[in-house]
Amino acid sequence: MALCLSLRSVAFFFLFFSFLSFSLPVSARPATFLQDFKVTWSESHIRQIDGGRAIQLVLDQSSGCGFASKMQYLFGRVSMKIKLVPGDSAGTVTAFYMNSNTDNIRDELDFEFLGNRTGQPYTVQTNIYAHGKGDREQRINLWFDPSADFHSYTILWNHHHIVFYVDDVPIRVYKNNEAKGIPYPKFQSMGVYSTLWEADDWATRGGLEKIDWSKAPFYAYYKDFDIEGCPVPGPANCAANPSNWWEGTTYQSLNAVEARKYRWVRINHMIYDYCTDKSRYPVAPPECMAGV
């Protein structure tokens, strides 16, 4: 929820208050979908549940659907709980991402959940666009069934790094290496978006597995919408304020526990990393050499 602390966030606030300085322009209120989001595509395929505190996205042969935040933000944290398409979901993509909504110099931070044939692991693809340059894909296989229950998917974005989390496990870190001439998204605000759509030309095994429309309609569920960041337009100098909680020392690098979880994911669950794809990049991109 925009400019609001979730119950978990409030508890976190009090836990760390003794050694963190906060400057968060928020006011607590219950989160509902329509307070902070709008339907951008096929309203008939997005259904509100529990008074708007949860939603159902629908994909069938007539259409997919999508929604977006009403505002854009510059730095902060966005999080949603998602229950992905169950069963035979091959060819479907459920996406949760941030986007500057610009063309040539687009900034974007992507979670893309690639559907599968029944019994196969769910693959999560992440990608990062900085100053118009993307093609930074990494893929991991999730270590649980994300269609059986809700799990939290989070993007933390500050001046130091971008971290993608699955529940409390960091699965990707992109460091700010501007000092080494590597672009980092920090000048453009971004909106929060999500879509459920057909992508069977590439999503599952490179497009070899197609959607089985006899299994349609396909459903994904969302709840606990949480956006904490600097709205644009909004308070002057908010994004540059080092006292914002997401800029604190606790969030400038992974702690020891997070670092162990991150290594575990990369050793045991990573199935693709553009940094090591010699067919695409005979010479590794500069951010790979600098450490992403």
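**Stop one: strand β7**

Start with Glu112, which sits in strand β7. Keep in mind along the way that this is a predicted model. Is Glu112 buried or exposed? With a relative accessibility of 13%, under the 20% cut-off, Glu112 counts as buried. Show its surroundings, leaving out residues up to four places away in sequence: Glu112 touches Val93, Thr94, Ala95, Thr123, Val124, Gln125 and Trp202.

Now select Glu108, also in β7, a strand that covers residues 108-114. Glu108 is buried too, at 7% relative accessible area. Which side chain makes a polar contact with that of Glu108? Pick Asn99: the two side chains are joined by a polar contact of 2.3 Å. Beyond four places in sequence, the contacts of Glu108 include Tyr97, Tyr129 and Met190.

**Stop two: the whole sheet**

Zoom out and colour the eight strands of the open sheet, in the order β1-β4-β13-β6-β7-β8-β9-β15, with antiparallel pairing. At the edges are β1 (37-41) and β15 (270-273); each has a single partner strand, so one side of each has no neighbour in the sheet. On average, neighbouring strands are turned by 15° against each other, ignoring direction.

Select Phe37 and you'll find Ser69 in β4 as its bridge partner.

**Last stop: helix α3**

Finish with residues 256-268, helix α3, which lies across β9 (138-141) and β15. The helix runs at about 85° to β15.

How values were computed
Residues are numbered from 1 along each chain as its sequence is written. This is a predicted model: local features need pLDDT of at least 70, side-chain atom pairs count only at pLDDT 80 or more; totals for chains, interfaces and linings use all residues. Side-chain values use heavy atoms; hydrogens and water are left out. Helices (H or I, at least four residues) and strands (E, at least two) are DSSP runs, numbered from the N terminus. Buried means under 20% relative accessible area, exposed over 50%, partly exposed in between (1.4 Å probe, protein chains only). Contact means heavy atoms within 4.5 Å. A polar contact is a pair of N or O atoms within 3.5 Å; within protein, one must be able to donate a hydrogen and the other to accept it, and residues adjacent in sequence count only if both atoms are side-chain atoms. Two strands pair if DSSP finds at least two bridges between them. Axes are lines fitted to C-alpha atoms, for helices over the stretch in contact, and angles run from 0 to 180 degrees between N-to-C directions.
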